[in-house]
Each structure stands twice: as C-alpha cells, then as structure tokens.
Amino acid sequence: MSDMTLEVRNLRTHFFTRAGVVRAVEDVSFSVQRGRVLGLVGESGSGKTVTGFSIIRLVDPPGRIAGGSILFHGRDLAKLSEREMRGLRGNRIAMIFQDPMMTLNPVLRIDTQMIETVRAHAKVSHAEARARSRDALGMVGIPSPDERLESYPHQFSGGMRQRVAIAIALLHRPDLIIADEPTTALDVTIQAQILAEVQKLAANVGTALIWITHDLSVVAGLADEIAVMYAGRIVEAGDVATVLDRPSHPYTHGLIGSVPSRNKRGTRLRQIPGMTPSLLDLPEGCAFRARCAYADAACEKDPPTTEPARGHALRCFHPLLEPVA
Amino acid sequence: MTTWLFRRLIQALFVILAMTVIVFLGVNVIGDPVEILISPDADQAERARAIIALGLDKPLWQQYLIFLQGALHGDLGRSFVFNEPALRLIGQRMPATMELAVTAVLLSIVLGIPLGLYAGLYPDSILGRSAMAGSILGFSLPTFWVGLMFIMVFAVELGWLPSTGRGATAAFLGVQWSFLTRDGLAHMAMPALNLSLGNIALVLRLTRAGVRENLPMDYVRFARAKGLSPARVVFVHVMKNILIPIVTVIGLEFGSTIAFSVVTESVFAWPGMGKLIIDSINVLDRPVIVAYLMMIVFLFIVINLIVDLLYTALDPRVRLESRQ
Ligand SMILES: Nc1ncnc2c1ncn2[C@@H]1O[C@H](COP(=O)(O)OP(=O)(O)OP(=O)(O)O)[C@@H](O)[C@H]1O
Ligand code: SF4
Ligand SMILES: [Mg+2]
C-alpha cells in the first residue's frame, strides 16, 4: 500500500541495565497511513516514549532495538546506517518532545536553532533558511516572527516554546511526526489551539502523526486510530470508535471508566487500582493479570494478538463482550 | 548595564580599601624590618636616623594614612632594599610572571578542554579513564615537588631543557619577553607546564562533568532529532552550554595562577613577581610586599569584572536579568 507511511512490526526495545533486562517495548506492531493520526495511549512507564525514540533511532545505551522492523515507506529504519538515519531525522521524520521548557537549547537564539535545521537537510543560503524559519513560525501562530527569531528560548512562554518546537518539526514538511505528549505541560486553551493547528497542518500536508498521550480526551478528538500500550506491549488497537466506544480489553475499559463518550472533553485516564508492573524481568503471562478482574489460569501464558474484527487488534484471553456495561 | 557596572566599581573600591587595612596590619605583624635592614653594629643614633628615614617612627595609623595618601597618587612606597618605587620594581618583574601565567592558562585550555570533551563523550575509553586518573595527580601532587621532578628528569637526567632563568628575551612593546625566542621558550616550557598542571586538571574535570551533565538533556536529544551532525551537537549545542562555567573558572584561575607562580618561580628561579615577593618577604621589604598584594587584589577585581562581562555575553538568561 503506497499510502502506508510507517509500519512497525514486532518491535522490541530493551534496556540492558546492571539490574537486568528492561523490556520497555516488547513485540509492538502498528502502522500509520499518510495524513492519518494514531493516538498512542497508556499509563506512565508503559513504553510510549521509548517506542517513539525507537522509530527515530534515538534510544541511548544501555537501550537498543533488540528486534523487529520499522518500515518507513517500505524501508527498514532499523537497518539504516546512522548517517542515512540522520538524513531522515528532522527531515522526513520529526519529533516533538513532552517538555517544551527543556527541548530548546537555552543559550542559542531561536534563529540559530531553526536555521541549522533547515541547512542540515537543504542546500540553501542562510537568508533562504531564515525566510523558511520565519514562515514556519508564522504558520504555528507566533506573532511578529521576524523579531521573535532573534529571541532566546527563555523569552518565550511554555506554549510559545512548544509552538517553536512544532515549527521546527514542520520545517521540512515531514512525512511523519511523532508528538510525545506535546501539550501535557500546557494549559487547556493553548492545548486546544495547538491541537487544532497540528491537525490542520497534518491534513494539509499529508503528514502521518503519532500522538502520544495520557489524555484520552485529546486523542478522542484528534486520532483516527488508537493503540493502547501496557507494560511495553500494545494490548488493544483499532479505530477510535472501536477502541473508545466498545473497548474489548479489560485494561482499555479500565482506562476509559464509565464515561466512554468520545466527544466528552476532559476525560482523563481513570486510575486503575494496582500498580504498573516493573518491566525488569517481567514474568511470563499477561502483564495485566494482577490488576485484572477477569484473570484466570489461562492468563499465566502470554495472550497472543488476535484480530476479532478487521483492523482491530487485541491481546487478551477473555475479551469483554459487547456492549460493555 | 551602566548602573550594574557603577555598582560593581563602587564595590571594588571598598574591597580595595578593606584590603589596604588588612595588608598594612598584616605586614606589620610579620616582623620588624629594622632588625634586618640595619647592620647590627650601628649605634643608637644611626638606628634612629634610619628608622626616621624609613618612616617607621610614626604611629601605625599615621603610617597607614601616609601610605593611603601616596596610594591615591599612584605611589605605593619605595623599596627599603632597592630604594626604588615598589610599583616600578613590580612592574619590571610583571612581564615575566604574566607570560608564564598566560602560557599556563592557555595550556589548560588547549589541553584541558579537548581532553575533557573526549573523557565526557567516551567515559569508558582508555584515554578518557587515563585523563581522569591523571587529573587526580594534577590536583594532588604538590607543585614544588612536580617542579623538582621536572628538573631532575628533563634538565639533569635527559638534559633536554634548561632548569633556571628566562633565557634569551626579545623586546616587544618596549618590554622583554621570553616567548619570542627559541631559547626563551625552552626556558619557559617546564615552569609553564608546572604552573598549569593544576589548571589543566581543573578544566579537564569541569569540561568532562559539563559534557556528562548536558548529554542526557532533552535539548541534546532534540538537536539530534533535528538531524544535526554529532559534531554540531557537541561543538555548538553542548559546548556553548558548558563554556559558561569553564570561562568563569579559567578567569578566576588566572588570578590564582599569578598568585601561585610564587612556588614555580622559586623552583625554576624565574625572575618574576613571585620571586620578588619571596625575596622581599625574606628581608621584610614592606612597601614591596604591600604593593604586590595590592596589585594582586586589583588584578583579581579586574578579572572578576571581565569574567562577569563574559558571562553575560555567553548566557542570554543573565543578560536579561541585568537589564531589569
Ligand atoms: N535509560 C533507561 N534505562 C532503563 N530503563 C529505561 C530507560 N529509559 C526508559 N526505561 C524504561 O522503559 C519504560 C518505558 O519508559 P517510557 O519513557 O517509554 O514510558 P512512557 O510510556 O513514555 O511513560 P510517560 O507517560 O511517563 O512518559 C519505563 O518503565 C522505564 O523504566
Ligand atoms: S489476558 Fe487475562 S489477565 Fe490479561 S487482560 Fe485478558 S483477562 Fe485480564
Ligand atoms: Mg513518555
């Protein structure tokens, strides 16, 4: 399918620490099509960020990609040389980080940080690079971009800094943007503005978007598909209607709680009783079983991924029956 | 910015004034120069005349005021021993010390920063580990001992380098410098390296610590996520951040390098200010001691000011605060 921008197959990213192997990403598969938005949700520590960094190959030792393939337009990123990968980063694949206060270099001016990005991938003059940078700032709604280019990050608010980071991500009109909880640190109005803008841009340019978040209400309004991560695995994935309105996995159901309406804003992930298990030397079997009301002896084995319906992936021995009460 | 500078200058003035009192009192506590300067067989009348000539007959506070009055006119007294203005004496010796100190600081930059970068980027490499281990020696071995070892090895055993003096000098801007001649450079090599060992170790460790601290930061990963080359990430993004503490420390170290050159200059018989001050202390040549200490205080103040200015140039966040 030519429309497939990214196809991750059986990705495994492990951290080989002194205490043992942390299987932060274990057998993860998903795909994103051109112009579509995939929401990657899950509790803290479930492996969302590591998944994102695996795709742009910025997992630092002791972590490394231990298996699987990351097909970007059919090319396996896991097999590219570091040099080839560098040509894609910031160019065809961009990433926006969680904390806007920390992502920009505090001692370099905005123009320096933008122009270097332009010139890392395009042979253009300084003036041309500057013009592109200014246009990108304007595109994300930063007023008087010409002046703002000469500012330092500390002269911007958090929301403005995240816009700058988004502008940097947009500089080369990438085919894929990985946005790692880019609005979590911002207040609600700014969140909404940024969401709307990113959505518009993705649709206009045809960029595929992976939107990592804690906040179900955000993905409900934004994403086309949702993948739910738990303890390094995707436990349920499918289109928004299927996953949010008729969740089959007990974990997804727990996350949504009793308010599954996907149009209801402000629905945060509900606290599920119990703790996320340590990913260090995780025992065999469903990682959710200690917290699952439906667990039985069968769950001591790893549940395989099944496809109860087309485009709907599930990892559970005892899926919930519809409709969920 | 101007108010800031003005405030700093007023502060500096008070520091200098306070130092004059401390230095003046301190020098008087060390001992009585009369015993050393006047020959033991001199009779009472001769003694009294000499004491009056040196101005030591007046009460201490009066001596201080006379000194202060002179200082305001740029006169820090005459050497008891050479009967020359103390400042001129120091001025004559200053170039020798300065070229030694500047070379030592340059060495610490040229060796310390690259080694520190390497050790920070590759902490488990053999070179990285050796640099760290070596830096501990650089800190802990006493300067005079290292100096003596240098002489033993390179001058006595191998005979590669001369052990004492400045060697041939050449004039530049009306001053004699060693670094302008081959012979002078050969004479300078050991003392300069000796003087810089501690600084190299300090800069190396500081650079390494800065790299280790900055590499895991989000801004570094973001820079990499933009597709920048590793060289650009390290030499522009990381470097600009770690340069701030390094510049501060190198600046401050420059002052103490000059002050500590006393030891190195003594070991290598380098005719600089350090040598002069040691000789002056031995004969209790008070005006020279006072003038030297005042000069050092002044130097520290100037260096601090320059470091602060550099700091504002390097760190945009500081700039904003000083404007407010
Ligand atoms: N450098 C590392 N060394 C060891 N383990 C790591 C390292 N980095 C991440 N991990 C482990 O990987 C797991 C997944 O981390 P990740 O940051 O991807 O979670 P996340 O889903 O993004 O969480 P959050 O919502 O809090 O950002 C965590 O359990 C963490 O312990
Ligand atoms: S496999 Fe078993 S334990 Fe795991 S979610 Fe399904 S029912 Fe619960
Ligand atoms: Mg995360």
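Reader: Are F97(A) and F222(B) buried or exposed?
Author: This is a predicted model, in which local features need pLDDT of at least 70 and side-chain atom pairs count only at pLDDT 80 or more, while totals for chains, interfaces and linings use all residues. Residues are numbered from 1 along each chain as its sequence is written, chains are lettered from A and ligands numbered from 1 in the order in which they are written, and side-chain values use heavy atoms, with hydrogens and water left out. A residue is buried under 20% relative accessible area, exposed over 50% and partly exposed in between, for a 1.4 Å probe and protein chains only. By this rule, F97(A) and F222(B) are both buried.

Reader: How many aromatic pairs are there over all chains?
Author: Rings of Phe, Tyr and Trp (its six-membered ring) pair if their centres lie within 6.5 Å; planes under 30 degrees apart are stacked, over 60 edge-to-face, and the rest tilted. Over all chains, the count of aromatic pairs is 12.

Reader: What kind of aromatic pair do F97(A) and F222(B) form?
Author: The centres of F97(A) and F222(B) are 5.4 Å apart, with 80 degrees between the planes. F97(A) lies in the loop between β6 and α3 (100-103) of chain A and F222(B) in helix α9 (residues 218-225) of chain B, so the pair joins two chains. Helices (H or I, at least four residues) and strands (E, at least two) are DSSP runs, numbered from the N terminus. The pair of F97(A) and F222(B) is edge-to-face.

Reader: How many residues apart are F24(B) and Y64(B)?
Author: Their ring centres are 5.5 Å apart and the planes stand at 70 degrees, so the pair of F24(B) and Y64(B) is edge-to-face. The pair links distant parts of the chain, with F24(B) in helix α1 (residues 2-30) and Y64(B) in helix α4 (residues 60-72) of chain B, and the separation is 40 residues.

Reader: What is the bridge partner of I93(A) in β7(A)?
Author: Two strands pair if DSSP finds at least two bridges between them. Strand β6(A) and strand β7 (residues 176-180) of chain A run parallel and are joined by 4 bridges. In β7(A), the partner of I93(A) is L176(A).
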